[in-house]
Number of protein chains: 2
Amino acid sequence: MADTHFFNLHDLSQGIVRDLADGVKTRIFPGENVMVSVVRITPNRAGQIHHHPQEQWGVLLEGSGVRVQDGVEHPVKAGDFWQTPGNVPHGFIAGPDGAVILDIFSPPREEYKKGGAGFASGR
Amino acid sequence: MADTHFFNLHDLSQGIVRDLADGVKTRIFPGENVMVSVVRITPNRAGQIHHHPQEQWGVLLEGSGVRVQDGVEHPVKAGDFWQTPGNVPHGFIAGPDGAVILDIFSPPREEYKKGGAGFASGR
């Protein structure tokens, strides 16, 4: 019997699928206090600037890109990670090889507990 | 001026250092609702079974090992990740190449906001 607490970053059959934007797809894993989101961005695509009250952390697992946060562009490479306090506007522009990002939300974003499309948040 | 919200998994000068056990060292990054811990375990070393009320998620970034959780041994490889609900006993035994694990706590573990040694938690 599968243990429902164990997952893999690369198993695309797991998680709640959400199309955040054109070329930006995520799989959501909701917990009690934490929500994990494994985001894949195709080369040179971007997630638009948005914000939400939940604290967020991001870890760039693969690829490169530019993290736009609070109006500042931060070039990032695999292994970089960052904290985004609640309500701080942020977005991401993937580099030429795309990007795989682990996003962590706390508290969980209720609107992401079901599949769908879009960032579902304030601009 | 450095932006204090951006870090790197492999920059050992960052974070609050904590020696969890012999061969098990972490660097702690406290947030408001989330605490991130980048744990490095040398080959074949183990973090003892312990528990705490905070929810925890773990991501095996490098290496392999056995995640012991709620009395069950789960062999894991890089890319695997897991949720550990609050108060569930857990530990980790690194494989022959060691392991690098990203641990995520929510709420943050107050006892980890300062450097020190040990898991600082119930057995």
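Reader: Through which surface do the copies meet, the same one or different ones?
Author: In this predicted model, 100% of the interface residues of chain A are also interface residues in chain B, so the copies meet through the same surface.

Reader: What rotation and shift superpose chain A on chain B?
Author: A rotation of 180° with 0.0 Å of shift along its axis brings chain A onto chain B, with an RMSD of 0.0 Å. That is the relation of a two-fold axis.

Reader: Which residue of chain A comes closest to that axis?
Author: A:Ser106 does, with its C-alpha at 3.7 Å from the rotation axis.

Reader: And what touches B:Asn33, leaving out its sequence neighbours?
Author: Beyond four places in sequence, B:Asn33 touches residues of both chains. In chain A these are A:Glu55, A:Ser106 and A:Pro107. In chain B they are B:Phe105, B:Ser106, B:Pro107 and B:Pro108. A:Ser106, one of these contacts, is the residue already named for its place by the axis.

Reader: Where in chain B is B:Asn33 found?
Author: B:Asn33 belongs to the loop between β3 (24-30) and β4 (35-41) of chain B.

Reader: Why does B:Asn33 count as partly exposed?
Author: Its relative accessibility is 25%. Buried would require under 20% and exposed over 50%, so B:Asn33 falls in between.

Reader: How far is B:Asn33 from B:Leu102?
Author: The two are 69 residues apart in sequence, and their C-alpha atoms are 16 Å apart in space.

Reader: Changing topic: how many helices and strands does chain A have?
Author: Chain A has 0 helices and 10 strands. Along the sequence the pattern reads β-β-β-β-β-β-β-β-β-β.

Reader: How does the radius of gyration of chain A stand against that of a compact globule?
Author: For 123 residues a compact globule would have a radius of gyration near 14 Å, and chain A agrees, at 14 Å. The C-alpha atoms occupy a box of roughly 45 × 30 × 25 Å along the principal axes.

Reader: What share of chain A is buried, and what share of its contacts link residues 24 or more positions apart?
Author: Buried residues are 50% of the 123 in chain A. Among contacts in chain A with a separation of 6 or more, 61% join residues 24 or more positions apart.

Technical notes
Residues numbered from 1 in each chain as written. Chains lettered and ligands numbered in written order. Predicted model: local features only at pLDDT ≥ 70, side-chain atom pairs only at ≥ 80, totals over all residues. Heavy atoms only, no water. Least-squares fit on C-alpha atoms with pLDDT ≥ 70 in both. Contact = heavy atoms within 4.5 Å. Helix = DSSP H or I, 4+ residues; strand = E, 2+ residues; numbered from the N terminus. Rg over C-alpha atoms; globule rule 2.2 N^0.38 Å. Buried < 20%, exposed > 50% of the residue type's maximum accessible area, 1.4 Å probe, protein only.
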